[in-house]
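Please open the structure in a viewer and keep the sequence at hand.

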Amino acid sequence: MDKSTGGFLWKHAWTKIQRHWLVPKNASPDNPELRDYWRNRQARKQPFIYGVKVNLYKRQKGYCPLCDQELDNGEQLHVHHIQPKAEGGDNKLANLRLLHANCHRQLHSKKGKMLK
């Protein structure tokens, strides 16, 4: 530890061990009957996002309400205001949705519709 700055090196022992859970042998992601299983499994994953996006990710169970696909597919994410701030909307979670960047562009181009 550097006493002058308070900086320190992270010890490996401080890192919590995260175990992986196995997928049942007949649980294919392509099986429509197991859609709820895969959504619940996906929702348990910790996303690499921060701030209000984490809360929105958990509320939406990891799915985009516009395209109904997983949010953590590598695409950039945008926060969408259901009621725009210019029209009296606020930044409360009830007024926000987390969307893929492309879905957000489609929504604002009037080609998309909010599903949920």
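Among contacts in the protein between residues at least 6 apart in sequence, what percentage join residues at least 24 apart? The share is 47%, where a contact means heavy atoms within 4.5 Å.

This is a predicted model, in which local features need pLDDT of at least 70 and side-chain atom pairs count only at pLDDT 80 or more, while totals for chains, interfaces and linings use all residues. Residues are numbered from 1 along each chain as its sequence is written, and side-chain values use heavy atoms, with hydrogens and water left out.

Begin with the whole protein in cartoon view. It contains 3 helices and 2 strands, arranged along the sequence as α-α-β-β-α. Helices (H or I, at least four residues) and strands (E, at least two) are DSSP runs, numbered from the N terminus.

Next, display the surface. The protein exposes about 9,400 Å², by the Shrake-Rupley method with a 1.4 Å probe and, for residues, only the protein chains shown as cover. Carbon and sulfur atoms supply 54% of this area. Of the 116 residues, 27% count as buried, that is, under 20% relative accessible area (1.4 Å probe, protein chains only).

Now select residues 52-59, which form helix 2. Its buried residues are Val54, Leu56 and Tyr57. These lie on the same side of helix 2 because they cover an arc of only 165° around the axis, taken from the directions from the helix axis to the C-beta atoms. Just after helix 2, select Lys61, which takes a positive phi of about 55°.

Finally, select Phe8, in the segment before helix 1 (35-43).

Terms used:
Buried < 20%, exposed > 50% of the residue type's maximum accessible area, 1.4 Å probe, protein only.
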